[in-house]
Amino acid sequence: MDLARARAQRSAPGRALGVAALPRRRQVDRSLVESLSITPAIARNMMHLFAAIAALLLVALFAPSAAFTPSARGRVATRVFDGKINKTIDLESKKVVHNEQVVPGDKCVYCRCWQSKTFPLCDGSHMKHNEATGDNVGPLIVAA
């Protein structure tokens with residue numbers, strides 16, 4: 001009689017809210033085992049996995065959108081080129097190519113902004129370019 005009363009008290013809160021009593025874990029495992037032909041341990045692991053996925057989806061659904069966007073703090077916006085990068089150097093050539101021989105122990109500083117008056121060597125024009133565009137380009141330094 002005491003066992004029946006304890007079971008009734010345990011399920012009373014759910015019934016008061018109109019919620020059916022949840023099946024015991026063994027019963028759920030047994031139904032999964034029978035329908036999917038898997039072991040009870042695998043069924044339990046699958047239930048834990050589905051619960052974790054559901055929790056992640058709820059977090060993603062209710063989290064602010066800023067939580068999933070990369071922060072732009074500390075970054076410099078770069079300019080997107082809508083035409084040619086090279087506007088002054090060897091324009092009649094199909095491709096601008098320079099071959100340089102670097103002497104061992106020497107250091108060469110090459111332009112990467114295409115603004116240098118001494119191209120392919122850097123003359124510091126990238127600093128003016130960076131200030132004007134918010135870019136962060138610098139030279140290529142080769143030490144042999």
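How many aromatic pairs does a search of the whole structure find? The search finds one. The rings of Trp114 and Phe119 have centres 4.8 Å apart and planes at 20°, so the pair is stacked. Rings of Phe, Tyr and Trp (its six-membered ring) pair if their centres lie within 6.5 Å; planes under 30 degrees apart count as stacked, over 60 as edge-to-face and the rest as tilted.

This is a predicted model: local features need pLDDT of at least 70, side-chain atom pairs count only at pLDDT 80 or more, and totals for chains, interfaces and linings use all residues. Residues are numbered from 1 along each chain as its sequence is written, and side-chain values use heavy atoms, without hydrogens and water.

**Fold and confidence**

The protein has four helices and two strands. Their order along the sequence is α-α-α-β-α-β. Helices (H or I, at least four residues) and strands (E, at least two) are DSSP runs, numbered from the N terminus. Mean pLDDT, the predictor's confidence in each residue from 0 to 100, is 74 for the protein. Of its residues, 65% reach 70 or more.

| Element | Residues | Mean pLDDT |
|---|---|---|
| Helix α1 (lowest) | 2–16 | 55 |
| Strand β1 (highest) | 107–110 | 89 |

**Surface and core**

Of 144 residues, 15% count as buried. Buried means under 20% relative accessible area, exposed over 50%, partly exposed in between (1.4 Å probe, protein chains only). The accessible surface comes to about 12,200 Å², with 60% belonging to carbon and sulfur atoms. These areas come from the Shrake-Rupley method with a 1.4 Å probe.

Phe119 counts as buried because its relative accessibility is 18%. Trp114 is partly exposed, at a relative accessible area of 24%.

Phe119 also belongs to the largest nonpolar core, with Ile89, Cys111, Cys113 and Val137. Such a core is a set of buried Ala, Val, Leu, Ile, Met, Phe, Trp, Tyr and Cys residues joined through side-chain atoms within 4.5 Å. Ile89 is in contact (heavy atoms within 4.5 Å) with Val96, Trp114, Ser116 and Phe119, leaving aside neighbours within four places in sequence.

**Ser125**

Ser125 sits in helix α4, residues 125–133. Its side chain reaches the backbone oxygen of Gln115 at 3.4 Å. Not counting residues up to four places away in sequence, Ser125 touches Cys113, Gln115, Ser116 and Lys117. Cys113 is a member of the largest nonpolar core.

Technical notes
Polar contact = N/O pair within 3.5 Å; in protein donor to acceptor, adjacent residues only side chain to side chain.
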